[in-house]
Amino acid sequence: MAVANQTLSRPGLFRSTVGQKVIMAISGAALVLFLLAHMIGNLKIFFGAEAFDHYAHWLREIGAPALPHSGFLWIQRIGLLAALILHIWSAAVLTIRARKARPVKYAHRKPVQGSYAARTMRWGGVIVFLFVVYHILDLTTRHLNPVADPTKANAAVVADFAPDRWYVTAFYTLAVVTLGFHLRHGIWSALQTLGVSNARRERALKGVAFAVAFVICAGFLAVPFAVLTGLVK
């Protein structure tokens with residue numbers, strides 16, 4: 001944590017490269033925590049339609065009567081939007097700086113060693129962002145979902161991933177698998193940036209990054225494939 005603490009204590013945090021990496025790591029961590037919570041909530045569908053609909057209703061009533069209907073969800077959405085903007089902004093700044101640091105393009109350049117996830121982080125981020133937009137229009141605002149009634153969460157999910165809408169499941173799978181690659185590399189990079197990693201812990205922390213990415217992917221994919229195979233109706 002030494003690197004992060006020293007960076008946060010210096011002026012010009014938003015201008016330094018290390019500071020940008022810390023912002024990316026912290027905003028990414030907030031997004032990962034949301035994904036875990038969202039995934040766990042999605043798995044409520046395996047307890048039956050009534051339980052899942054009750055869960056969806058409960059989300060809109062959190063904080064009542066202090067908060068208005070869906071007040072908590074809007075606070076959450078604003079926080080997630082802020083984290084997402086910071087994450088994309090820091091990634092863009094770091095990418096631009098990296099390109100400026102290597103202004104000369106060689107005709108024959110030896111490929112940089114690195115994992116598939118590391119080489120595709122930017123495109124993976126674009127795919128995930130496009131999916132988030134689609135997902136909101138589909139299951140939040142219901143503009144793209146066959147079930148318009150916002151109180152029928154279970155029916156909306158079942159209709160969404162029905163066999164005749166296989167293309168939705170295919171796109172969902174592509175986005176979630178891409179997210180998994182993004183998470184595996186991103187979590188590992190964040191641990192390095194925040195000073196948690198060292199040579200002795202490297203293998204174990206890479207395992208943690210892979211495990212978190214795998215669990216999130218498996219949890220999110222369980223729902224559409226359960227609907228597709230008739231396990232959830």
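Just after helix H8, Gly-195 takes a positive phi of about 80 degrees. This is a predicted model: local features need pLDDT of at least 70, side-chain atom pairs count only at pLDDT 80 or more, and totals for chains, interfaces and linings use all residues. Residues are numbered from 1 along each chain as its sequence is written, and side-chain values use heavy atoms, leaving out hydrogens and water.

**Overall make-up**
- Of the 233 residues, 35% count as buried (under 20% relative accessible area, 1.4 Å probe, protein chains only).
- The accessible surface comes to about 14500 Å², and 70% of it belongs to carbon and sulfur atoms. The Shrake-Rupley method with a 1.4 Å probe gives such areas.

**Helix H8**
- H8 covers residues 166-193, which is 28 residues.
- From first C-alpha to last, H8 reaches 40 Å, close to the 40 Å expected at 1.5 Å a residue. The expected span is 1.5 Å times one less than the number of residues.

**H3 against H7**
- H3 (residues 49-61) and H7 (residues 153-160) pack at about 110 degrees, with axes 7 Å apart. Axes are lines fitted to C-alpha atoms over the stretch in contact, and angles run from 0 to 180 degrees between N-to-C directions.
- H3 and H7 are therefore roughly perpendicular (65 to 115 degrees).
- Ala-49, Phe-52, Asp-53 and Ala-56 of H3 meet Ala-153, Asn-154 and Val-157 of H7 in this contact (heavy atoms within 4.5 Å).

Notes:
Buried means under 20% relative accessible area, exposed over 50%, partly exposed in between (1.4 Å probe, protein chains only). Helices (H or I, at least four residues) and strands (E, at least two) are DSSP runs, numbered from the N terminus. Angles under 35 degrees count as roughly parallel, over 145 as roughly antiparallel, 65 to 115 as roughly perpendicular and the rest as oblique.
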